[in-house]
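Please examine the sequence and the structure shown here.

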Amino acid sequence: MQKIRLFLLLVVIVFFVSGCDSKPKLYLLNWGEYINDEVVKNFENEYNVKVILSLAESNELFYSKLKSNTMKYDLVVPSEYMVDKMVQENLLQKIDFTKLNNYDPVDNPYMPGVIGIQNEMFEDFKDYTVPYFWGTFGLMYNKRVNGLENAIITHGWKAYFEEDFLYGLLNRSIKVGMYDVPRFAYSAALLYNNMDPNLDTNDALTIAEQTLLKRNYAEWGTDTLKKNIMENNLDLAFVYTGDLLDVLYTKLETETNINNIMFDIYIPDNTIAFLDSFVIPKNARNVDLAHQFIDYLLNPENAYLNASVVGYCTPLKKSYDMIVDYEGDDIWLTNWAYANKKYYPLPDENDPVQYKGVPLANLNREFLNKINTMVNNVKAK
């Protein structure tokens, strides 16, 4: 009798849980710390749905998850070169722009830099993407280290890669980190040599390896790099510019004077530019819900709210204007406006180049494997 009661209780619990879990679900594969939880919650409440968020640390992981087909995602947020690869391998479906009420290139335009990257990299693939965030990479540094800021601003890549040179300037060793994605490390090494980061030759591979071996790296990391510089456990690292802003906004919640922040970033003219976009996988189960979520983030006010936590640059001009045009008494919003104008300045409309940096192209799998092997060899030495 006791077993029968227990069985009936379990049936009731399972039925109750299933009933509570009957909302439509959107399966989103995203980068870590790359969306405002408040935006997600607002969307869930407005549409009576549930967003299931999964995380990956690199474009290559996005690709492998889609390729393996072990989990069906409704939305993924890869960068430009990975979109190229996914489209070529028939992993994505086209966006139905008629379902996006907020998509309006005239009255709700993208930022000039977004348009520039799209025109250069996405000409054949615009039908598959809607921009999410964009920006650059830079050299984030610890302002507590005497002389480091001046060395980085003055010498850029030379100070970052040449350990002996920087030691001569500072008269001390420092802890340096590299972003733990082989494609990024390879590109940074070529940029130091004033070479195209999209080269796929054995000579370029050798030069990149020799460059990476110039320095002993205290850390190969991703989100840990920005946090360790903020916490004074690392001195210099190659990171997304948005990584700097992410920890900057966190710090500004308690420190109202932006001049007291003990870290900053230098963005070389020759760096990586990136554009992350929403894409819908070929095997997505909730295509209409995916379009609703994209459309929700195309609303300038929602994009504004999302950017307030994430730190990367909004793709929408109206959202950007809402940020930088603030003139009230709120210190946090004032600092947010300052940071966007400093790190994501609008280009002159007559400038033929509307963004800083070089977007990464899709390299063939064989050469990417060579890059991975080379970087692993560097890390092992």
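What volume does the largest pocket have? In this predicted model, the volume of the largest pocket is about 370 Å³. A general principle lies behind such a search: rolling a probe the size of a water molecule over the atoms shows where empty space is left.

The lining of the largest pocket consists of 20 residues. Those nearest the centre of the pocket are Tyr343, Tyr344, Pro345, Tyr355 and Lys356. Several elements take part, with at least two lining residues each from helix H5 (112-121), strand S5 (130-142), strand S9 (263-266) and helix H16 (331-343). Strand S5 gives the most, supplying three residues to the lining. Sorted by class, the lining of the largest pocket holds 13 nonpolar residues, four polar ones and three charged ones.

Gln93 belongs to strand S4, which covers residues 92-93. Is Gln93 buried or exposed? Its relative accessibility is 19%, and because buried means under 20%, Gln93 counts as buried. Leaving aside residues up to four places away in sequence, Gln93 touches Tyr128, Ile280, Pro281, Lys282, Ala284 and Val287. With Pro281 there is also a polar approach: a polar atom of the Gln93 side chain lies 2.8 Å from the backbone oxygen of Pro281.

The confidence of the prediction remains to be described. The protein chain has a mean pLDDT of 92, and 94% of its residues reach 70 or more. Over residues 1-19, however, pLDDT stays under 50, and the model has zero contacts beyond four places in sequence for these residues.

Notes
Residues are numbered from 1 along each chain as its sequence is written. This is a predicted model: local features need pLDDT of at least 70, side-chain atom pairs count only at pLDDT 80 or more; totals for chains, interfaces and linings use all residues. Side-chain values use heavy atoms; hydrogens and water are left out. pLDDT is the predictor's confidence in each residue, from 0 to 100. Contact means heavy atoms within 4.5 Å. Helices (H or I, at least four residues) and strands (E, at least two) are DSSP runs, numbered from the N terminus. Buried means under 20% relative accessible area, exposed over 50%, partly exposed in between (1.4 Å probe, protein chains only). A polar contact is a pair of N or O atoms within 3.5 Å; within protein, one must be able to donate a hydrogen and the other to accept it, and residues adjacent in sequence count only if both atoms are side-chain atoms. On a 1 Å grid over the protein atoms alone, a cavity is a set of points where a 1.4 Å probe fits but cannot get out, and a pocket is an open set with protein on both sides within 12 Å along at least five of seven lines; lining residues have an atom within 4 Å of a point. Grid points are joined across faces, edges and corners, and a volume is the space filled by probe spheres set on the points. Ala, Val, Leu, Ile, Met, Phe, Trp, Tyr, Cys and Pro count as nonpolar, Asp, Glu, Lys and Arg as charged, and the others, Gly among them, as polar.
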